[in-house]
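Hello,

Please find the structure below. My notes on its aromatic contacts follow.

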Amino acid sequence: MANLLPIWRDFEVATKQDALPYAIYADDEMIFSGVANIAPNATEASIRINNICADYLTTRKPYIDESGLDQNIGCPTFSVKSGNTLLAEVRFSLDWSYDPAHDTRIAVAPIDRVIDPRQAITYSTYDEDEVSVEITFDNGEVLKQTIAIAGFVSFSNDFSESFAMTALAVTAGTAIIKPSDYEGVVSVKVGNTNYKVQATCKRYALYYLNAYGGWDSYVIGSTDTMTDSYSRSEFIRENERVAYLNEVSRSWSLATGLMTDDEASRMHHLLGSNNVFLLDMESGEIHPVVITDTACTHKTIKNSGRTFPTYTINVAEAKQRIRR
């Protein structure tokens, strides 16, 4: 399997041959072709493929209605070829963290690791065949499970037992664990991440794509306010104003509870996300939303006046509403 790199890290293919024709493939599909030319006073040409490959890395909101595996991450193998000659091969994760110390396989960065029983735990990973799950109950018992990440295909079209099975090349996806499937759950450990399960009595939780290319969630720990804003369209009829259309923009102002420095250090994963969903835990509805905040202040107890930091997260519903 090709090496896995974060998409933010430059991947360059060097060649000393001038005017070298080449093509880039995503798995078996050619996605780009060009010619590599050596610049004046240089000894080799360099082909940087990140910007081309980034458009072929895909993800979607995980399916959180059932426990198990959701293969919601598209992570193809990219190859650079000149004719039939393979020049390089690589895989990228949707990691835009610019964190050189991060293990690219683990796409998990929950803010406070608190899970309400009405929601689901999401644990995204790359290049792992399976993830371990330990569910701890209020009586002290522990249930151990594994969730397979790698899929399997048969060498034989008839799926005969006489043929070996092989793991698929792409091993990326999101493990889903629903605490509501069990009674008396107090904590869940997935991989090396511990989640505390508690009845928060809160209404909203956010699911979001973090900077590592995986899906996390955050329960809104304090207050929430929903607002409908109207953009009215009118015309004049017989010297009277007639309203014929209202465009409705729904938004929420969501306040966090008090945070530790460690928890606040991960707020950028949420506030910087461009793939966010609001879960109404009372109705079960999920709304695609856009975060309208334009900055993430990196708060600490020290720079917050010796008080625990808090944040207000402002989101707007992505789907436009109208009223005629």
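Aromatic contacts

Lys 299 lies over the face of Tyr 311, 4.5 Å from the ring centre. Likewise, the charged end of Lys 81 sits over the ring of Tyr 25, at 5.1 Å from its centre. A charge sits over a ring if NZ of Lys or CZ of Arg is within 6 Å of the ring centre and within 35 degrees of the ring normal.

This is a predicted model: local features need pLDDT of at least 70, side-chain atom pairs count only at pLDDT 80 or more, and totals for chains, interfaces and linings use all residues. Residues are numbered from 1 along each chain as its sequence is written, and side-chain values use heavy atoms, with hydrogens and water left out.

There are 8 aromatic pairs in the structure (rings of Phe, Tyr and Trp, the last by its six-membered ring, with centres within 6.5 Å; planes under 30 degrees apart count as stacked, over 60 as edge-to-face and the rest as tilted). One of them is Phe 11 with Phe 92, edge-to-face at 6.3 Å centre to centre and 85 degrees between the planes. Phe 11 and Phe 92 are 81 residues apart, and their pair links distant parts of the chain. Phe 92 counts as buried at 0% relative accessibility, and Phe 11 at 17% (buried means under 20% relative accessible area, exposed over 50%, partly exposed in between; 1.4 Å probe, protein chains only). Phe 11, Phe 78 and Phe 92 form one aromatic cluster.

Regards

Technical notes: Helix = DSSP H or I, 4+ residues; strand = E, 2+ residues; numbered from the N terminus.
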